[in-house]
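Here are my notes on this one, as promised. Have the model open while you read.

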Amino acid sequence: MAHSKHIPAELRNTAAERILEELTPFVVVPAMGHTKLDFSPFGLNVPTRYRIDPLRIDNAPFCHQLQQLDGRTFGPEGMPMDRWVFFDCCYMPGAIFGFGRHVDRISDHAREVLGVPESYEGLVPYSMYIAIPMATSGSWMGHNLASISPLLPEENLKSLGTVTKALGLKCFGTQVFFGATQWASKALWVHQKFGPLDIHTAYTPAHSEVQTLTYGFHASDAELLGAMGHPNFGFKRPEPDLWIRSGDVTAMMELQDRIEAGERFVMPTAPKAEGEHLLVPIAGA
Ligand SMILES: CC(C)(COP(=O)(O)OP(=O)(O)OC[C@H]1O[C@@H](n2cnc3c(N)ncnc32)[C@H](O)[C@@H]1OP(=O)(O)O)[C@@H](O)C(=O)NCCC(=O)NCCS
């Protein structure tokens, strides 16, 4: 399905190359939210027809497909979003960046996995990154990262999740990023690509999943390009001081106590798989 497309100079030699060969970027934001976004992140132009205003009736089928993508990816995690959550927490206050494939070029398998109706026209979303600006200027909170790549292995879209997050953060103009994820989440393999993660909570009763860690990083160009594997940008990663096993609530609460007492920690590098669990590295900062 590959056909040669223009790859912006800054994105050459990164994981974005293969994704850009295959897929087309889109942004979902109401017309009144346009001014603050960069529709050419790292020189990648988001076509005008794929700058999608969710408030327009003719974009309802696209928004429905975003919900299908969320259901296929977050459904099994037990946290699929209702349509009003999309509206109140994503479309109106935030923005969505993603990649899709035109319906004329999707396989029967992709059509089935993503529940695309026969009558559907236009771009079918394959990935999305949703973030919401915070009260502090330049800070954004990650709300949702979804990639259909693991469910369509035959399409070889390796790094789709990482590239979607990196270009989304650039598009949104994020300077400081915060996110929340579960200790057992495979998404930690994506998040750690952005460098050592500052840990803000280790045990989080304010979240419906208490075994959530809140993390953050500075989203400079170097960090975003480094996450996508650009050879000029790497990270200094400290050695772990301890490892926390997902499910070990006592260890999470102990780390939370130390954070609340003023100590600072990072997740320096990738977790290790241990059966159903993850072993997550922690280092003092
Ligand atoms: C998490 C998610 C976005 C990842 O999407 P993706 O397109 O597979 O992401 P990427 O290909 O960019 O990165 C996945 C990384 O995890 C690694 N990985 C996955 N399973 C692994 C395992 N069992 N052991 C080691 N590494 C693993 C991959 O090797 C890859 O790293 P690499 O590029 O260094 O090889 C996708 O699986 C998803 O939508 N999940 C459901 C929703 C969700 O949990 N979202 C995140 C909430 S915070």
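The points below go from the overall chain to the ligand and then to a pocket.

1. Ground rules. This is a predicted model, so to speak for itself: local features need pLDDT of at least 70, side-chain atom pairs count only at pLDDT 80 or more, and totals for chains, interfaces and linings use all residues. Residues are numbered from 1 along each chain as its sequence is written, and side-chain values use heavy atoms, with hydrogens and water left out.

2. Overall chain. The protein chain has 8 helices and 12 strands (DSSP runs: H or I of at least four residues for helices, E of at least two for strands, numbered from the N terminus). Its radius of gyration is 19 Å, which agrees with the value near 19 Å for a compact globule of 285 residues (taken over C-alpha atoms; the rule is 2.2 Å times the number of residues to the power 0.38). Along the principal axes, the C-alpha atoms fill a box of roughly 55 × 40 × 40 Å.

3. Ligand shell. The ligand is surrounded by 19 residues, with L145, S147, K158, T162 and K193 the closest (a heavy atom within 4 Å counts). Elements supplying at least two shell residues each are α2 (60–74), β5 (139–147), α5 (160–172) and α6 (188–191). By class the shell has 8 nonpolar, 8 polar and 3 charged residues (Gly counts as polar).

4. Second largest pocket. The second largest pocket has a volume of about 260 Å³ and 14 lining residues, with G33, K36, P93, P133 and W140 nearest its centre. The lining has 11 nonpolar, 2 polar and 1 charged residues. (Pocket: an open set on a 1 Å grid where a 1.4 Å probe fits, with protein on both sides within 12 Å along at least five of seven lines; lining atoms lie within 4 Å of a point. Volume: space filled by probe spheres on the points.)
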